[in-house]
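The following exercises are to be worked with the sequence and the coordinates at hand. Each task is followed by a stepwise solution.

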Amino acid sequence: MDARAASLVAALTDRRLTLAVAESLTGGLVSATLVGVPGASAVLRGAVVAYATPLKADLLGVDRDLLDARGAVDPDVARQMADGVRVRLGADVGLATTGVAGPTEQDGHPPGTVHVAVSSADRVAVRSLVLDGDRAQVRAATVDAVLTLAQEVLGVRSGERSG
C-alpha cells in the first residue's frame with residue numbers, strides 16, 4: 001500500500017471530504033493507487049481516464065479552444081481537468097494528471113513533461129514537472145507528484161492522520 005495514498009485517504013476520511021480523479025498519461029494508475037488503500041471507498045467518488053484529447057473536453061469540460069491552441073500537455077488543461085472532475089463527479093477535491101510518458105514527444109513536448117493539479121472549492125494548485133526515466137518511471141513519478149500536491153493542498157504529511 002502506498003503511504004502517500006494512505007495518508008490522503010485517512011485525511012479525507014477524517015475531514016469527511018470526497019475525491020475524484022481525472023487521468024491522462026497515468027491511465028488509471030492514480031485511481032488504482034488510491035483504491036489499494038483499505039477504506040478508499042469512503043472517499044473516492046470515481047475517476048475518468050480521458051486519454052484521448054477530445055475526451056478532456058467532452059467528459060471533463062476542458063475548454064476546446066485551449067486544447068486547440070496549446071494541446072493537452074498544458075498546466076491550464078490540468079487545472080481545468082481537476083476542476084471538471086471535481087464538479088462533474090460531485091466531489092470536494094479533484095486531482096488531475098496530464099503530460100507525456102513517452103517514449104516519443106507529444107504536441108512538441110518531450111517525454112517527462114508533466115502537469116498535475118488539485119482542485120477544491122477554494123483553491124486550485126498546479127505543478128509542472130520535467131521527469132526523468134522510462135515510460136513506467138514517468139507514470140509512477142506522476143502519481144507520486146499528484147498525491148504529494150494533494151497532501152500539500154490539504155495540509156497533510158505522509159504517514160500522519162489529519163485532525
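**Exercise 1.** Which residue in β2 is the bridge partner of V21?

*Solution.* The model is a predicted one. Begin with the two strands: β1 comprises residues 19-23 and β2 residues 44-49, and they pair in the parallel sense over 5 bridges. Within this pairing, V21 has A47 in β2 as its bridge partner. Next, follow the chain between the strands: from β1 it passes through helix α2 (residues 29-35) to β2, giving a β-α-β crossover that is right-handed.

**Exercise 2.** Describe the packing of α3 against α5.

*Solution.* Two packed helices are described by the angle between their axes and the distance between the axes. For α3 (residues 53-60) and α5 (residues 75-88), the angle is about 40° and the axes lie 9 Å apart. The handedness comes next: α3 and α5 cross in the left-handed sense.

**Exercise 3.** Is D74 buried or exposed?

*Solution.* First locate the residue: D74 lies in the loop between α4 (64-70) and α5. Then apply the cut-off, by which buried means under 20% relative accessible area. The relative accessible area of D74 is 8%, so D74 is buried. To complete the picture, identify its surroundings: leaving aside residues up to four places away in sequence, D74 touches L66, T98 and H115.

Definitions and conventions: Residues are numbered from 1 along each chain as its sequence is written. This is a predicted model: local features need pLDDT of at least 70, side-chain atom pairs count only at pLDDT 80 or more; totals for chains, interfaces and linings use all residues. Side-chain values use heavy atoms; hydrogens and water are left out. Two strands pair if DSSP finds at least two bridges between them. Helices (H or I, at least four residues) and strands (E, at least two) are DSSP runs, numbered from the N terminus. A crossover is right-handed if, with the strands pointing away from the viewer, the path from the first strand over the helix to the second runs clockwise. Axes are lines fitted to C-alpha atoms, for helices over the stretch in contact, and angles run from 0 to 180 degrees between N-to-C directions. A crossing is left-handed if the near helix is turned anticlockwise from the far one by less than a right angle, and right-handed if clockwise. Buried means under 20% relative accessible area, exposed over 50%, partly exposed in between (1.4 Å probe, protein chains only). Contact means heavy atoms within 4.5 Å.
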